[in-house]
Amino acid sequence: MFRSERVRSILYQALLLAGVIGLGWYLVSNTLHNLETRQIQVGFAFLSREAGFEIAEKHIAYEASDSYLRAFLVGLANTLVVAALGIFFATIIGTLIGIARLSSNWLLAKLASAYVEVMRNVPLLLQLFVWYGIFTELLPPVKESIEVGGWLFVSQRGFRFAWPAEHVAWSAAGWAFLAGIVLAWLWRGHARRTQIATGRQLPVGWPSLALVLGLPIAAWAVLGAPTQFDVPELSGFDFQGGRVISPEFTALLLGLSTYTAAFIAEVVRAGILAVDKGQGEAAMALGLTPGQRLRLITLPQALRVIIPPMTSQYLNLAKNSSLAVAIGYPDLVAVANTTMNQTGQAIEAIAILMAVYLSISLSISLFMNWYNDRVRLVER
Amino acid sequence: MTKTAWFKRLAIAAAIAVPAMAPLSASAGPTLDAIKSKGMLRCGVNTGLLGFSAPDSQGKWTGIDADFCKAVAAVILGDPNKVQFVPTNAQNRFTALQSGEVDMLSRNTTWTSSRDATLGSVFAGTLFYDGQGFMVKKSANIKRAAQLNGATVCVQPGTTTELNLSDYFRSKKMTFKPVVIAELNQIEQAFFAGRCDVYTTDISGLAATRLKAPNKDDYVVLPDAISKEPLGPMIRRGDWEFFTIVRWTLFGLIEAEEYGITAANADKLKAESKEPQIQRLVGTSGDVGKGLGLDNDWLVRALKSVGNYGEMYVRNIGPLGIERGQNALWKDDGLMYAPPIR
């Protein structure tokens with residue numbers, strides 16, 4: 001029986017699997033045993049205890065008397081916000097730079113190349129320190145803020161700007177804006193289906209604009225058209241009122257987007273180069289303008305090549321956001337580090353971190369794979 | 001798969017697995033035996049806090065925390081230089097002790113009940129009585145901590161400082177905005193640049209940071225202390241022989257100051273003194289050292305390498321300009337009180 005190639009290979013694989021499981025079991029039980037003999041607390045009970053520390057930036061309500069679990073959620077929200085905005089800006093900057101690198105304008109192409117080479121060859125951590133240094137060392141102290149039109153104040157404390165005073169019309173306008181985007185997207189689908197079915201071209205541009213801008217303006221006007229703004233005012237140590245974007249957040253967002261943009265630019269450039277030259281020439285022969293050629297012929301085909309490597313860049317950006325801890329942005333890692341130190345439960349905190357980053361990364365992957373399937377070449 | 005390929009895999013698996021297990025089992029034995037067999041005391045210290053532990057221009061570790069490591073090495077190994085200093089930051093210090101990377105933590109760490117109870121470690125005593133304070137720019141014209149409502153505060157994460165800070169502002173019904181950065185140099189840089197109105201840490205730490213300022217006279221430390229911060233050496237739980245030695249080395253250094261035994265006169269007093277308490281300390285009468293599992297010369301070795309507690313204080317903390325205050329001996333109205341050594 002052991003002469004059979006198949007039986008042996010199954011046997012070996014079973015042995016290997018048993019070995020891996022055994023090793024994992026040994027490591028876990030040994031760790032638990034060591035923790036117990038040293039009387040170190042284990043378990044996740046600490047999550048419901050009072051955290052006791054403040055967090056500077058929060059998108060969900062939190063104060064020092066809330067639990068560690070809530071502190072973790074605040075950190076997670078901070079991570080997600082910076083990662084999402086980072087992906088958004090990196091994609092825009094990266095695509096523009098990537099196209100610029102292929103431009104027939106010599107200066108533009110060389111500048112784009114220089115950008116890519118500088119940004120991707122300097123470690124991100126250093127870039128973050130530079131950005132943070134620019135905001136904290138070069139900007140004026142809060143008492144001597146640079147004032148822009150009476151509604152924006154720039155200082156070491158960040159960018160503080162006027163914001164509409166609390167009113168139901170503003171939040172309604174916000175929701176109407178989101179609804180407008182959804183409706184515009186549905187209209188676009190409808191227009192396309194109509195064109196495929198009947199050949200009739202429905203207008204897309206102006207109805208979309210009307211939905212996205214018109215709906216919120218209408219909502220705002222109907223609910224009283226408030227014009228009162230909450231303008232920042234210097235009192236005591238800092239400005240009061242308005243909204244603020246901190247230097248930590250700005251430095252991190254700028255650092256992440258400009259750094260990742262360099263890699264995205266290369267991905268985009270490669271994608272465009274992968275589209276057959278004949279396609280562009282055919283488009284030119286049909287009389288499309290250079291803009292139309294890029295938008296209608298080259299980019300849609302390039303997208304198929306671009307998306308898989310783009311996914312890795314997005315994943316990198318999301319994971320790199322954990323460097324926030326070096327410049328004091330309270331992301332998930334920063335909160336976990338503090339928690340670890342206050343409670344001494346390093347293993348649990350690290351486990352939470354790993355689980356969360358794994359979930360974020362897998363979600364990005366799943367979404368990108370879904371999108372990739374959609375734009376993939378459909379063979380008929 | 002062939003047989004040799006399988007053995008190869010097994011060998012690789014073993015090569016990966018064995019080192020992974022080694023550190024876990026190595027630290028299980030008593031720390032004292034490990035120190036003796038290695039001939040080296042591994043001491044976790046601050047990455048660079050003037051007066052407590054910081055490398056000097058020749059790369060030698062100085063400061064009262066570093067000196068205490070040397071004293072323990074002198075007591076156990078007979079040589080104050082047999083210390084391997086392991087710089088740790090506020091965040092990785094407990095993990096370094098728990099994992100056995102260091103034998104002892106002598107790193108301006110505050111003694112609290114939860115650290116004694118849940119971290120798998122115990123404090124051996126108090127080497128320095130500190131309190132949390134605030135430092136501000138002199139030009140801000142702030143005199144008391146109660147004026148800090150709405151301030152932006154620079155603070156290191158994972159410290160008791162961070163908790164005291166929010167406790168203090170909560171109890172006074174005041175608000176603040178934290179800027180939290182782990183590395184000491186980075187947070188000091190942010191404070192000097194003006195990112196924060198206030199820097200908060202232990203008062204001794206503030207004094208050390210102030211010396212690093214571009215112009216130290218631009219900054220003042222406010223007179224209010226908002227917490228008790230007893231700083232002391234920390235040991236893993238369960239190593240009771242080692243714990244006892246560390247604790248009594250600390251008491252011995254304090255007791256030696258009380259009886260006037262110094263680095264300079266220790267040998268002379270050992271040869272000549274007829275005072276019974278001094279004789280017990282220098283080991284010419286009684287068996288104090290043997291009781292600790294050492295020889296009777298133990299304290300003399302420590303004293304000759306770093307001096308008594310008062311000498312350690314004057315040499316290390318003196319340059320920071322911090323008065324003895326709470327750290328004076330009990331008979332000088334301070335808190336330094338050693339149980340009798342006999």
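## Close-up views of chain B

**View 1. The surroundings of B:Lys290.** Leaving aside the neighbours within four places in sequence, B:Lys290 is in contact with B:Asp295 and B:Asn296, where contact means heavy atoms within 4.5 Å. B:Lys290 has its place in helix H12 (residues 288-291) of chain B; helices (H or I, at least four residues) and strands (E, at least two) are DSSP runs, numbered from the N terminus. With a relative accessible area of 54%, B:Lys290 is exposed, given that buried means under 20% relative accessible area, exposed over 50%, and partly exposed in between (1.4 Å probe, protein chains only). From C-alpha to C-alpha, B:Lys290 and B:Val198 are 51 Å apart in space and 92 residues apart in sequence.

This is a predicted model, in which local features need pLDDT of at least 70 and side-chain atom pairs count only at pLDDT 80 or more, while totals for chains, interfaces and linings use all residues. Residues are numbered from 1 along each chain as its sequence is written, chains are lettered from A and ligands numbered from 1 in the order in which they are written, and side-chain values use heavy atoms, with hydrogens and water left out.

**View 2. The disulfide of B:Cys43 and B:Cys69.** The sulfur atoms of B:Cys43 and B:Cys69 are 2.0 Å apart and form a disulfide, a term used for a pair of cysteine sulfur atoms within 2.5 Å. The link of B:Cys43 and B:Cys69 is left-handed, with -70° about the S-S bond. Because B:Cys43 lies in strand E1 (residues 41-46) and B:Cys69 in helix H3 (residues 64-77) of chain B, the pair ties together parts that are 26 residues apart in sequence. Both B:Cys43 and B:Cys69 are buried.

**View 3. The disulfide of B:Cys154 and B:Cys196.** Here B:Cys154 and B:Cys196 form a disulfide, with their sulfur atoms 1.9 Å apart. The torsion about the S-S bond of B:Cys154 and B:Cys196 is about 65°, and therefore this disulfide is right-handed. B:Cys154 is buried, with a relative accessible area of 0%, and B:Cys196 is buried too, with a relative accessible area of 4%.

**View 4. An open sheet in chain B.** Five strands of chain B form an open sheet with mixed pairing, in the order E4-E1-E5-E14-E6, where two strands pair if DSSP finds at least two bridges between them. Strand E4 (83-88) and strand E6 (121-123) are the edge strands, each pairing on one side only. E6(B) pairs with strand E14 (residues 234-236) of chain B in the antiparallel sense over three bridges, and B:Val122 has B:Ile235 in E14(B) as its bridge partner.
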